[in-house]
Amino acid sequence: MQTSVNIHPDNQPEGHEGAGFFATTLDKAVGLARANSLWPLPFATSCCGIEFMATMASTYDLARFGSERLSFSPRQADLLMVMGTISKKMAPVLRQVYEQMAEPKWVLSMGACASSGGIFDTYSVLQGIDRVIPVDVYIPGCPPRPEQVLDGILKIQELAKNEGTKRRQTPEYQAKLAAYGLE
Ligand code: SF4
């Protein structure tokens with residue numbers, strides 16, 4: 001007797017399906033793969049980094065979102081997570097790390113310090129990492145809770161899923177890079 005099995009994975013992209021086949025566009029397939037296999041580079045300089053460690057641990061378990069493989073080498077990472085106070089001395093280092101990452105890449109700014117300098121409105125602290133590199137998603141808070149970090153990751157996943165394989169060649173993206181003096 002023949003039995004039929006219906007499989008409906010979560011986050012299945014739009015497409016056409018029938019008995020034994022599913023077809024979708026290349027953009028959607030690539031976006032799905034990218035979104036669910038983000039390799040974060042944790043650029044953690046202070047207390048927000050501790051909150052990120054909690055996000056990686058068993059209770060919140062970032063591995064559920066395909067991002068458990070951290071990379072401390074920019075060349076093997078596609079999600080730069082900046083967490084903590086960035087001093088002006090550190091800014092060129094952060095920018096160099098960003099430049100060493102291959103496309104496609106995304107940037108997540110976690111917490112008040114990385115996003116705006118936080119309470120440290122002083123001569124030595126960078127008042128937001130978007131002064132030196134483009135940021136895709138900001139997470140507010142001091143420190144943000146792990147749920148907020150997960151929410152930020154989900155937003156990055158949405159970007160990765162929907163931006164298409166050609167976004168990085170679009171005039172808008174090129175202009176954004178040019179505004180930062182990046183190629
Ligand atoms: S935002 Fe708050 S918790 Fe995060 S690095 Fe700054 S002071 Fe620490």
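Predicted model: local features only at pLDDT ≥ 70, side-chain atom pairs only at ≥ 80, totals over all residues.
**View 1. Asp61 sits in the loop between H2 and E4.** Most residues other than glycine have a negative phi. Asp61, though not a glycine, has a positive phi of about 50 degrees. Is Asp61 buried or partly exposed? It counts as partly exposed, because it has 13 C-beta neighbours inside 10 Å.

View 2. Stepping back for a moment, the elements run β-β-α-β-α-β-α-β-α-β-α-α from the N terminus on. Taken along the principal axes, the C-alpha atoms fill a box of roughly 75 × 40 × 25 Å. Of the 183 residues in the chain, 27% are buried. If you look at contacts between residues at least 6 apart in sequence, 76% of them join residues at least 24 apart.

**View 3. Eleven named residues gather around the ligand: Ser46, Cys47, Cys48, Gly84, Thr85, Gly111, Ala112, Cys113, Gly118, Cys142 and Pro143.** The elements giving two or more residues to this shell are H2 and helix H4, which covers 111-116. Which of the elements gives the largest share? That's H4, with three residues. By type, the shell splits into six nonpolar and five polar residues, with no charged ones.

**View 4. Cys142 and Pro143 are joined by a cis peptide bond.** Omega here is about -10 degrees. Most peptide bonds are trans. Pro143 lies in the loop between E6 and H5, and both Cys142 and Pro143 are among the residues around the ligand.

**View 5. A cis peptide bond also joins Glu103 and Pro104, with Lys105 next in the numbering.** For this bond, omega is about -5 degrees. Pro104 is found in the loop between H3 and E5, and Lys105 has its place in the loop between H3 and E5 too. Why does Lys105 count as buried? Because it has 20 C-beta neighbours inside 10 Å. Setting aside neighbours within four places in sequence, Lys105 is in contact with Asp78 and Leu80. For a sense of scale, the C-alpha atoms of Lys105 and Ala23 are separated by 27 Å, and these two residues are 82 apart along the chain.

**View 6. The largest nonpolar core has 33 residues.** Which of its residues touch the most other members? They are Leu79, Leu80, Met81, Val82 and Met110. Several elements give two or more residues to this core, among them strand E3 (40-44), strand E4 (79-83), helix H3 (91-100) and strand E5 (106-110). E4 gives the most, with five residues. Zoom in on Leu79 and, leaving out neighbours within four places in sequence, you'll find contacts with Leu38, Trp39, Pro40, Leu41, Trp106, Leu108 and Ile156.

**View 7. Helix H2 (residues 47-56) crosses helix H5 (residues 146-162) at roughly 75 degrees.** Their axes come within 9 Å. H2 and H5 are therefore roughly perpendicular to each other. On the H2 side, the meeting residues are Glu51, Phe52, Ala54 and Thr55; on the H5 side, they are Pro146, Val149 and Leu150. The residues of this contact divide into five nonpolar, one polar and one charged. H2 and H5 also each give two or more residues to the core in the previous view.

Conventions: Axes fitted to C-alpha atoms, helices over the stretch in contact; angles between N-to-C directions. Helix = DSSP H or I, 4+ residues; strand = E, 2+ residues; numbered from the N terminus. Parallel < 35°, antiparallel > 145°, perpendicular 65-115°, else oblique. Contact = placed C-beta atoms within 7 Å. Nonpolar A, V, L, I, M, F, W, Y, C, P; charged D, E, K, R; others polar. Near = placed C-beta within 6 Å. Core = buried A, V, L, I, M, F, W, Y, C linked by C-beta atoms within 7 Å. Buried ≥ 20, exposed ≤ 12 C-beta atoms within 10 Å, placed from the backbone.
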